[in-house]
Amino acid sequence: MAKQGPPPPRSSRMPEPRRAPKRWSDADPGLPDENEELPPWAGLAIDPRWADQPRRPGRPDGPGRPDGPDGPGRSGGPGRPSGAARSGGPGQSGGPGRSGGQDGDGWTDAPGERPRSRRAAARARKTRRGFYLWAVVLVVVVVTAGGSWLLLRGSGKNAPLPGQIVTSFLPGEFQTVPNACAAVPPAMLDQYLPGKRTKVVPNSLDGRSDSLCDWTLDARPLYRLLDVEAQAYAPNGLASGNGSATFAAIDAYRQAVAEKVNPPKASHLPKATVTTMRGLGSAAFSAFQMSTAGGDSTDLLTVVVRDRNVLITVVLEGLDHSSTGGYGPVSAGQLKIGALTAARDILAKVK
């Protein structure tokens, strides 16, 4: 056997016929030393081994290994390097450049075993990922079901979730309001607007969710105007909070306060004196304004009450002084009591 060295360069010439391998003995000086390092190009595929034995990972077989069943003469002689004997050249099975697999004897190189280990590790990782995925799905389902159960068992009310926009009326909110004209009793009208009154019922564009009514008394020296309105607000995505009907009414209440503190220029009204009232609906305030125009002086007393999503507005005004004479004076305290009485009468009819 020729000594191992760098692989012969490729050539376009036809390979020479293979000569019969030279037999050698243990005393042959050409026997490779088992401690001798192989050249870098050889790789694991040319490790010497006995032809009838499978290759063991680790230390290559040596000349001191017991012979196989056929003895020293099998497969070209004892100690014949199996890789070199079977190799027909670089890149062929069992020769230099071999990447692992089985040769004619049915053995498997160590590099051929590594892909199977990688496939097993990949299968294990895939199994773990599947387990984690199903665990996460199970946790989400349990948390969602538990949250829904807690919401439903609360008080039987469909409470909105945090950040959820409400698009329907919530329990306790009103969809209709009482008739404003019928809600104010005649006794109240006779006390604060005594005499022959004129009633006007403005048309509402909101159906039964909004009702208005006006009474006017023009009998010198009294001039009184009572204007009442009851409105139930609906859910509105533009409202504050969660957009519920109650929040829509809260926004309207705040706007009413702002318009009294800073009246629009088109109203030609002065800033009002606003007073918060307790114990009337969810929130209430009164506002007093005195308007002067063309020598006439008029006092206006406004009461606004909010009950959940219903807003009640009562305005009672009287002519305090007239340039033509014959009207007045007006008691601001009496106007406030009359407006507050009408607001309570309407609030009592809200159901």
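Analyst: A residue counts as buried when its relative accessible area is under 20%. Cys 213 has a relative accessible area of 0%, so Cys 213 is buried. Cys 181 is at 14%, so Cys 181 is buried too. Keep in mind that this is a predicted model.

Start with those two cysteines. A disulfide joins Cys 181 to Cys 213, with an S to S distance of 2.0 Å. The link is right-handed, with 105° about the S-S bond. Cys 181 sits in helix H3 and Cys 213 in strand S2, so the pair links distant parts of the chain, 32 residues apart. A search of the whole structure finds 1 disulfide.

Now the core. The largest nonpolar core has 36 residues. Trp 215, Leu 226, Val 228, Ile 312 and Val 314 have the most contacts inside it. Several elements give two or more residues to this core: helices H3 (180–183), H4 (186–192) and H6 (332–349), and strands S2 (210–219), S3 (222–232), S6 (296–307) and S7 (310–321). H6 gives the most, with 7 residues.

Val 228 shows how the parts meet. Leaving aside residues up to four places away in sequence, Val 228 touches Ala 180, Val 184, Trp 215, Val 314 and Ile 346, among others. Cys 213 is also one of its contacts. A second, separate core has 12 residues, including Ala 239, Ala 256, Ala 272 and Phe 285.

Next, H6. This helix has 18 residues and reaches 27 Å from its first C-alpha to its last, close to the 26 Å expected. Its buried residues include Leu 335, Leu 340, Ile 346 and Leu 347. The buried residues of H6 pack against H3, H4, S3, S4 (273–277), S6 and S7.

Then S6. S6 pairs with S5 (283–293) in the antiparallel sense over 11 bridges. In that pairing, Met 290 stands opposite Asp 299 of S6. S6 also pairs with S7 in the antiparallel sense, over 11 bridges. Here Leu 300 stands opposite Glu 317 of S7.

Last, the turns. The hairpin of S5 and S6 has 2 residues between the strands, and Gly 294 takes a positive phi near 60°. The hairpin of S6 and S7 has 2 residues between its strands. Arg 308 in that turn has a positive phi of about 55°.

How values were computed: Residues numbered from 1 in each chain as written. Predicted model: local features only at pLDDT ≥ 70, side-chain atom pairs only at ≥ 80, totals over all residues. Heavy atoms only, no water. Core = buried A, V, L, I, M, F, W, Y, C linked by side-chain atoms within 4.5 Å. Buried < 20%, exposed > 50% of the residue type's maximum accessible area, 1.4 Å probe, protein only. Helix = DSSP H or I, 4+ residues; strand = E, 2+ residues; numbered from the N terminus. Contact = heavy atoms within 4.5 Å. Pairing = 2+ DSSP bridges. Expected span 1.5 Å × (residues − 1). Disulfide = S-S within 2.5 Å.
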